[in-house]
Amino acid sequence: PDARHAEAVAQTTVTRTTLPLSARRSAPLETMASTTLNVAVPRAVATRSRARRGGMPPVRLASRRGVRCAAGEEVPLGVQIETALMDAFPPSTVTRVRDSLRFTLADGTYKKTHVGLGDQVASSYVADLTAKPYWDPKGGSFPWMEFLEEHYLTIRDELRCALADPLLEQKGNAIWVAAARDDAEGYGPDWRTLVLQDRCEWEPSNVLLFPKTVDLVKRAAAPSVEVFFAKQAPQTGIKPHTDFTNFIMTAHLGLDVPPKPESWMKVGEETQYWENGKGMCADTSFIHSTYNESATMDRYVLIVRFWHPELTKHERNGVRFLFDAFEDLSPEGLRQAQDNARARTKADAEAAEKSDAAAESDAAAAAEPAAEAPDSRKPGGRKKNKRNKRKAASGSGDGLGLLAKGMK
């Protein structure tokens with residue numbers, strides 16, 4: 001893997017304009033978002049209509065002029081987006097998302113070589129997130145991955161059943177599509193995806209084909225942004241590249257893979273091998289590559305792209321606001337994005353209240369001492385006569401009542 005990765009790196013050039021972080025934080029928004037915009041949209045906010053490779057390829061916005069305010073002056077589009085973002089959330093809760101938006105509109109790219117870990121390159125960048133190539137799936141941050149590992153046979157069998165269906169492509173949408181045009185050279189023609197979720201929205205046709213898989217991902221409470229199956233043909237690989245986004249990470253669950261060590265993914269300076277039923281969690285803003293060394297066997301995995309665990313709920317919703325905003329940059333579209341964001345914030349608050357109430361109830365129940373049954377041998381205790389035995393056996397009386405108290 002190291003030799004193959006190094007050879008591919010030598011043939012690959014990643015060129016982006018780099019803006020220092022100091023400039024990103026200090027540059028006035030007006031200088032970064034002029035009256036007309038023609039900027040690269042973050043990979044995380046690319047249009048949904050494109051053929052995709054599971055990542056988020058950059059597109060370019062058509063030049064759009066700002067809108068005129070009451071005084072007759074044009075308001076730059078970048079200012080409109082930022083103002084709508086900040087107005088949709090409680091104060092100071094989406095500051096890092098705002099900074100990320102400014103950074104992107106300035107066409108900046110964050111680049112850093114982490115000694116011993118590898119190179120990180122991100123144009124969609126949120127500051128102060130822990131950066132490392134691989135994270136331990138069992139380290140406590142990803143209980144949902146452990147759940148999916150436990151049920152991987154259900155997912156694998158559902159996939160196998162679908163693969164055996166000759167009408168699968170007619171039943172679903174964009175079944176086993178190749179990489180988007182911008183990514184095709186690096187991914188090759190034999191890397192294919194079957195999307196179940198894209199930018200937090202479930203694909204209505206495809207989820208009906210994989211109800212068990214979708215149910216398991218939901219039951220696992222995976223903080224997913226994208227969910228899709230990925231197929232890699234024998235003797236093919238993906239050249240070294242970055243996903244350009246540090247706040248969305250990538251997890252792979254091996255479903256039907258060649259025996260170790262025939263298929264692998266190298267992220268930064270660390271290589272891991274796919275295994276059936278085993279999960280891998282990676283920060284794919286690090287330069288990474290893959291290869292399937294098998295001569296005969298396709299490699300199938302379930303990929304979940306998910307929020308970085310250090311991103312707050314408000315920040316996740318802030319990024320989702322940008323997803324919605326870039327779908328429709330008109331004033332009406334920005335207002336709708338705000339409404340969506342406020343609705344999600346309200347739903348999160350209600351869910352948190354219910355969770356807190358349940359936790360308090362459980363704590364109170366645990367603190368309540370269990371009632372002791374009267375001892376017939378102590379003074380005042382009731383004798384175990386036949387009448388009492390009949391009452392307990394009949395499902396009524398003190399016997400059931402004490403049992404219920406003890407369970408509580």
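Predicted model: local features only at pLDDT ≥ 70, side-chain atom pairs only at ≥ 80, totals over all residues.
**Exercise 1.** Classify the pair formed by the rings of Trp135 and Phe142: stacked, tilted or edge-to-face?

Solution. The structure holds 10 aromatic pairs. For Trp135 and Phe142, the ring centres are 6.1 Å apart, and rings pair if their centres lie within 6.5 Å. The planes of these two rings stand at 75 degrees, and planes over 60 degrees apart count as edge-to-face. The pair of Trp135 and Phe142 is therefore edge-to-face.

**Exercise 2.** Decide whether Trp135 and Phe142 are buried or exposed.

Solution. Buried means under 20% relative accessible area. Trp135 has 10% relative accessibility, so Trp135 counts as buried. Phe142 has 1%, so Phe142 counts as buried.

**Exercise 3.** Classify the pair of Trp264 and Tyr291, and state which strands the pair ties together.

Solution. The centre-to-centre distance for Trp264 and Tyr291 is 6.4 Å, with 25 degrees between the planes. Planes under 30 degrees apart count as stacked, and the pair of Trp264 and Tyr291 is stacked. Trp264 belongs to strand S12 (residues 263–267) and Tyr291 to strand S15 (residues 288–292), so the pair ties together parts that are 27 residues apart in sequence. Trp264 and Tyr291 are both buried.

**Exercise 4.** Which residues form one aromatic cluster with Trp135, and which residue lies over the face of Trp135?

Solution. The cluster consists of Trp135, Phe142, Trp144 and Phe306. Over the face of Trp135 lies Lys132, at 4.4 Å from the ring centre.

**Exercise 5.** Over the face of which residue does Arg299 lie?

Solution. Arg299 lies over the face of Trp274, and its distance from the ring centre is 4.3 Å.

How values were computed. Residues numbered from 1 in each chain as written. Heavy atoms only, no water. Phe/Tyr/Trp six-rings, centres within 6.5 Å; stacked < 30°, edge-to-face > 60°. Buried < 20%, exposed > 50% of the residue type's maximum accessible area, 1.4 Å probe, protein only. Helix = DSSP H or I, 4+ residues; strand = E, 2+ residues; numbered from the N terminus. Lys NZ or Arg CZ within 6 Å of the ring centre and 35° of its normal.
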